[in-house]
Amino acid sequence: MTILLLGAQGQVGQELAQTLAPLGKIKAIGRAQLDLTNLEAIAQTIRTLQPQLIVNAAAYTAVDKAESERELAQRINAEAPAAMAKSAADCGATLIHISTDYVFSGRAGSPRQETDETGPLGVYGQTKLAGEEAIRAATSQHIILRTAWVYGTQGKGNFLKTMLRLGKERERLSVVSDQVGSPTWAKDIAEAIAALAQKIEPSKTASPAQDPPFGTYHFTNSGVASWYDFAIAIFEEAAALGYPLKLQSVKPITTADYPTPAQRPAYSVLNGQKIAALLNRDAPYWRTSLRKMLKNHMLTS
Ligand SMILES: NC(=O)c1ccc[n+]([C@@H]2O[C@H](COP(=O)([O-])OP(=O)(O)OC[C@H]3O[C@@H](n4cnc5c(N)ncnc54)[C@H](OP(=O)(O)O)[C@@H]3O)[C@@H](O)[C@H]2O)c1
């Protein structure tokens, strides 16, 4: 099958370029080849390529900046996915799109299911939710995969990379301990998406008994941590691998001690049972993936 990968230079996008490659002929496109604010260019790219599968890993991901750039965030997170979905419907392609835990308010104290009520707290979450809704309205042939707390070796930056840098530069750090979620390795997301892509491959779903599993899914690594727990784990695992750290102590602080322009969900855990049942496997435990990722990172950097 022909696969169009958008957002190919992002932290998840670069991992997807690897995991999707064995599944077909992949055209991986970044901002330089297609600026997603240009909706007509999106339509034209899809019309020309006529892919069977479109995977969108691109997004406006600057959560705090989005508070003052609503129009741009809306364009990239909602209008661009809407254009992708319309063009996908026109050429009979499936669209796999990545969304976020930020579509929820984080006020419920139990892992969120796909059918739970949404209620984004900020512009980023609102625009991502608008993107989901636009896709559902334009084509039933979609998979929306919500994930959370993503880190990896690729892309411009993430919490893990910031912690490693600060741990090398400073003796003391303060990290928020009253927001919890599931730290998730970008590579694990890319592997889950590749597994979903195999399930919707036309040749594999020829029998009506095996309807393609379109719809919305939650995928993160399993287990729960606060940002403080995640930071401590990063430093422990990095130190065990011989990473040079100057850091002596990490202090837990509250969200109120660390104000940001965008409000974050306090409890951001997603329930991954639906995708686990479909793929017949549990998501890896977050700390196991962290250890693997750091080993990988140390070997290659
Ligand atoms: N990071 C997280 O913690 C997290 C959590 C939950 C869900 N997600 C979702 O996961 C997906 C992947 O995120 P990520 O962490 O891989 O983010 P990322 O590293 O920021 O990647 C996003 C990519 O989108 C590209 N992009 C932005 N604006 C564009 C435009 N106008 N035209 C073309 N490309 C554009 C970016 O290009 P530039 O680098 O050139 O800007 C970047 O390569 C997104 O849907 C995100 O909402 C992420």
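**Figure 1. Helix H1 packs, through its buried residues, against strands S1, S2 (25-29), S3 (53-56), S4 and S6 and against helix H6 (186-200).** Welcome to a predicted model, in which local features need pLDDT of at least 70, side-chain atom pairs count only at pLDDT 80 or more, and totals for chains, interfaces and linings use all residues. Residues are numbered from 1 along each chain as its sequence is written. Helices (H or I, at least four residues) and strands (E, at least two) are DSSP runs, numbered from the N terminus. In H1, eight of the 10 residues are buried, so this helix is largely enclosed by the rest of the structure. Those buried residues are Gln11, Val12, Gly13, Gln14, Glu15, Leu16, Ala17 and Leu20. Here a residue is buried if 20 or more other C-beta atoms lie within 10 Å of its own, exposed if 12 or fewer, and partly exposed in between, with C-beta atoms placed from the backbone. Packing rests on contacts, and two residues are in contact if their C-beta atoms, placed from the backbone, lie within 7 Å.

**Figure 2. The ligand is surrounded by 27 residues.** Closest to the ligand are Gly10, Ala58, Ala59, Val150 and Gly155. Two elements, helix H1 (11-20) and strand S4 (94-100), each give two or more residues to this shell. The largest share comes from H1, with three residues. Sorted by class, the shell holds 11 nonpolar, 11 polar and five charged residues. In this sorting, Ala, Val, Leu, Ile, Met, Phe, Trp, Tyr, Cys and Pro count as nonpolar, Asp, Glu, Lys and Arg as charged, and the others, Gly among them, as polar.

**Figure 3. Gln154 sits in the loop between strand S6 (150-151) and helix H5 (159-169).** Gln154 is partly exposed, with 17 other C-beta atoms within 10 Å. Setting aside neighbours within four places in sequence, Gln154 is in contact with Gln11, Gln14, Glu15 and Ala186. The C-alpha atoms of Gln154 and Val12 are separated by 7.6 Å, although these residues are 142 residues apart along the chain.

**Figure 4. Leu4 belongs to strand S1 (residues 2-6).** Leu4 counts as buried, with 26 C-beta neighbours inside 10 Å. Not counting residues up to four places away in sequence, Leu4 touches Lys27, Ile29, Ile46, Leu49, Pro51 and Ile54. Between the C-alpha atoms of Leu4 and Ala197, which are 193 residues apart along the chain, the separation is 12 Å.

**Figure 5. Helix H4 (residues 123-138) is mostly covered, with 12 of its 16 residues buried.** From its first C-alpha to its last, H4 reaches 22 Å, close to the 22 Å expected at 1.5 Å a residue. The expected span of a helix is 1.5 Å times one less than its number of residues. Among the buried residues of H4 are Tyr124, Leu129, Ala134, Ile135 and Ala138. The buried residues of H4 pack against helix H3 (70-91), S4 and strand S5 (142-147).

**Figure 6. Helix H7 (residues 227-240) has 14 residues.** H7 reaches 20 Å from its first C-alpha to its last, close to the 20 Å expected at 1.5 Å a residue. Trp227, Tyr228, Phe230, Ala231, Ile234 and Ala238 are buried in H7. Looking down the axis of H7, its buried residues fall within an arc of 165°, so they line one face of the helix. The arc is that of the directions from the helix axis to the C-beta atoms. After H7 comes Gly242, whose phi is positive, near 85°.

**Figure 7. Trp149 and Asn280 have positive phi although neither is a glycine.** For Trp149, phi is about 45°, and this residue lies in the loop between S5 and S6. Trp149 counts as buried, with 25 C-beta neighbours inside 10 Å. For Asn280, phi is about 60°. Asn280 is found in the loop between helix H8 (273-279) and helix H9 (286-300). Asn280 is exposed, with 7 other C-beta atoms within 10 Å.

Terms used: Near = placed C-beta within 6 Å.
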